[in-house]
Amino acid sequence: MAGPQGELVFAPLGGVGEIGMNLSIYGLGDARKRTWLIVDVGVSFAQEENLPGVDLVLPDIRYLIEERKNIAGIVLTHAHEDHFGALMDLWPKLKVPIYATPFTASLFEAKLAGETMAPEIPVKEIALGSRFNIGPFDIELCSVAHSIPESNALIIRTPFGNVLHTGDWKIDPTPVVGPPTDEAKLRALGDEGCLVLIGDSTNAVRDGRSPSETAVAAELAKLIESSRQRVAVTTFASNVGRIRAVADAARRAEREVVVVGRAMDRVIGVARETGYLEGVQPFRGMDVYGHLPPDKVVALCTGSQGESRAALARIAADEHPEVALSRGDRVIFSSRPIPGNEKAIGRVINGLIDQGVEVITDRTHLVHVSGHPRRAELEEMIGWVKPQTVIPVHGESLHLAEHEGLARKLGANTLQCRNGDLVRLAPGRPEIIDEVPAGRFYKDGALVIPAETRTVAERKRMAFSGMVMVSLAIDDKGQLVADPELELLGVPETTADGSQMFQVAADAVLETFDSLPRPRRRDPDSVAEAIRRSVRAAISSHWRKKPNVTVHVLTV
């Protein structure tokens, strides 16, 4: 009997060799024509010192735009920004069906409602644990524990075999909200047969198991109950289990919960609508914060990653219009720094300590646990599913290598790939067979720009060495009709010997112009380039840095 025609392929366009910006594609068919399934469309967050002015980093989807007619749909594993945060900007370029469970769909809808000029993006809601088809792909949702409600692994059934795309997960037998990881369904997949497991590697360097959310809830309850003054708790706004734990602890301590931050308000509204905060007392608005006794309030704040515009950073700088803390109050960071955010978080913590506030982090108390599996959990998952091959994703190089080594030790075949690698999963043993375009876009204010554009590189140069702008007006005989105008930005005012840097630049302009042969003076482009070079060199001789120099020559 002949086997299925074509092949099953996989390619990550983001999220491999890095943490964040997750986007994976699966294809059925042959090289001439494939039908594609997209899993997640996420962002990563820009580091200000590396990408000045850039808000978000998005995956480059030029390949998907070319293949748009062959895309069956997008399925979202869960509602974290690194898995669905790029949809609003990128979906209008694709306009294909989106499938998501109720909480994810509702949070996405709330996100769109909070943005001005947001496009209308329809989402097809699918039930937890359901099985459905997207084009030729037979997909079954498998509930997994994570740090947001309704996280799902995807069982993708194809004529070539079954693939488990784990998404973000951990094994937590006692989550605060939602079901635990569905061991029975995963074991059943192992019995049925799993061709490839494509899995989360984030915590593959850590031994043992991630503690349970229930253990964090117990610690938060102790810390809130033992405080004699105000308590503020900051956590990821999307961590509904943590929000519920804070609410339960506040109720037992006879305290009101005041929500401080719009992102937290949005998630809480969606969680109540979808039943994940059922039975939880109503929260209060910021307007009542100052009227409550210090021992009767818990402030639930945004800003766990040190975001400058978030609530906690403004409180730490004593700039929040409605919420302030006093000496002896307690702030609990129920979170862990995302790599790259350490400095920003440190500034917030130092600001709070300078105010006399007690700051508690996971360095000394069990106030946060990861939503990703450690090595013992990875071993258990591989034991349940018994995949023929494991392909590590969702991690930096070290995480991927550790996950691969563990899987190999357990007897599975392994393959490492990077963003843009096209992997043939079947028929035959998985291997990299080609490349597809992969890269990144930058969200720059209201615009999405290719990473290769000069915009950000020019900003970095300006931030490092300033800018000089020169304007000249010349007549058709190549004579100056007025004194040149100069403006220096970000350049030191004086040299080491006390000379004015402005005068250094002005002298360079005039000396260079006077030295040019008369025919060249009548060529605006030639004049501009000569002056640009001389001003850079003159300032560099005093400063050892070459500023960006722009010269405008007007012929009158």
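## Strands, sheets and hidden spaces

The names come from DSSP runs, numbered from the N terminus: helices are H or I runs of at least four residues, and strands are E runs of at least two.

Before we go on, a word on what you are looking at. This is a predicted model, in which local features need pLDDT of at least 70 and side-chain atom pairs count only at pLDDT 80 or more, while totals for chains, interfaces and linings use all residues. Residues are numbered from 1 along each chain as its sequence is written, and side-chain values use heavy atoms, with hydrogens and water left out.

Now back to β15. Four of the five residues of this strand (residues 256-260) are buried, so β15 is largely enclosed by the rest of the structure; buried means under 20% relative accessible area, with a 1.4 Å probe and protein chains only. Strand β15 runs parallel to β16 (residues 297-301), and five bridges join them. For one place to look, find Val257, which stands opposite Val298 in β16. Two strands count as paired if DSSP finds at least two bridges between them.

Strand β16 also pairs with β14 (residues 231-234), again in parallel, through four bridges. Here Ala232 has Ala299 of β16 as its bridge partner. Step back, and you can see an open sheet of five strands with parallel pairing, in the order β15-β16-β14-β17-β18. At its edges stand β15 and β18 (358-360), each with a single partner strand, so one side of each is left without a neighbour in the sheet. On average, neighbouring strands of this sheet are turned by 20° against each other, direction ignored; the axes behind this angle are lines fitted to C-alpha atoms, for helices over the stretch in contact, and angles run from 0 to 180 degrees between N-to-C directions.

Next, follow the chain to another sheet. Three strands form this open sheet, with mixed pairing and the order β26-β25-β27. Its edge strands are β26 (485-489) and β27 (548-555), and each has a single partner, so one side of each lacks a neighbour in the sheet. Neighbouring strands here are turned by 10° against each other on average, direction ignored. Eight bridges join β25 (residues 467-474) to β27, and these two run parallel. Among the residues involved, Ala473 has Leu554 of β27 as its bridge partner.

A cavity is a set of points, on a 1 Å grid over the protein atoms alone, where a 1.4 Å probe fits but cannot get out; its lining residues have an atom within 4 Å of a point. Grid points are joined across faces, edges and corners, and a volume is the space filled by probe spheres set on the points. There are three cavities of 30 Å³ or more.

Of the 19 residues that line it, Asn22, Ser24, His165, Val393 and His394 lie nearest its centre. Strand β13 gives the most to this lining, with three residues.

Conventions
1 Å grid on protein atoms, 1.4 Å probe; cavity = no way out; pocket = protein on both sides within 12 Å on 5 of 7 lines; lining within 4 Å. Buried < 20%, exposed > 50% of the residue type's maximum accessible area, 1.4 Å probe, protein only.
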